[in-house]
Amino acid sequence: MTTPTPTQLAVAELLRQVTGEDAEWLAGIGPATRLDGDLFLDSIELAALGERLAAQFGPGVDLAGWVSGLELEALLTLSVADVASYVDASGGAP
């Protein structure tokens with residue numbers, strides 16, 4: 001198992017906040033955790049995650065804009081690591 005990056009940890013924490021889960025739940029979230037397939041994140045939670053990402057990492061992080069350009073298969077397999085990589089590529093810093 002790989003050690004999560006600081007951005008992956010930050011994304012996981014924001015997911016915890018968005019879903020209203022507790023610290024025990026957070027311990028089960030890793031880089032490979034899929035937003036749809038594992039967490040069953042709905043569109044409202046995804047939008048809330050996008051808002052929190054922009055607030056924490058800056059307005060250059062536009063999750064909604066990024067995911068709107070993804071193919072269906074990529075959306076279904078979107079993971080914590082994928083979101084963290086997008087944040088890092090957008091210039092966000094934890």
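Glutamate 73 is exposed, with a relative accessibility of 54% (buried denotes under 20% relative accessible area, exposed over 50%, and partly exposed the range in between, for a 1.4 Å probe and protein chains only). This residue is found in helix 5; helices (H or I, at least four residues) are DSSP runs numbered from the N terminus. The C-alpha atoms of glutamate 73 and aspartate 38 are separated by 15 Å, the two residues being 35 apart along the chain. The model is predicted, with local features requiring pLDDT of at least 70 and side-chain atom pairs counted only at pLDDT 80 or more, whereas totals for chains, interfaces and linings use all residues. Residues are numbered from 1 along each chain as its sequence is written, and side-chain values use heavy atoms, with hydrogens and water left out.

The structure holds one aromatic pair (rings of Phe, Tyr and Trp, the last by its six-membered ring, pair if their centres lie within 6.5 Å; planes under 30 degrees apart count as stacked, over 60 as edge-to-face and the rest as tilted). The pair is stacked because the rings of tryptophan 66 and tyrosine 86 have centres 4.6 Å apart and planes at 10°. Since tryptophan 66 lies in helix 4 and tyrosine 86 in helix 6, the pair ties together parts that are 20 residues apart in sequence. Tryptophan 66 is partly exposed, at 25% relative accessible area, while tyrosine 86 is buried, at 12%.

The largest nonpolar core comprises 22 residues, of which Leu15, Leu35, Leu49, Leu53 and Val83 touch the most other members (a nonpolar core is a set of buried Ala, Val, Leu, Ile, Met, Phe, Trp, Tyr and Cys residues joined through side-chain atoms within 4.5 Å). At least two residues of this core come from each of helix 1 (6-19), helix 3, helix 4 (63-68) and helix 6 (80-89). Helix 1 contributes the most, with six residues. Beyond its neighbours within four places in sequence, valine 83 is in contact with Val11, Leu35, Leu53, Leu63, Trp66 and Leu78 (contact means heavy atoms within 4.5 Å).

The lining of the largest pocket is formed by Leu35, Asp36, Leu41, Asp42, Ser43, Leu46, Leu75, Leu76 and Leu78 (a pocket is an open set of points on a 1 Å grid over the protein atoms alone, where a 1.4 Å probe fits, with protein on both sides within 12 Å along at least five of seven lines; lining residues have an atom within 4 Å of a point). Helix 3 (43-57) and helix 5 (72-76) are the elements that give two or more residues to this lining.
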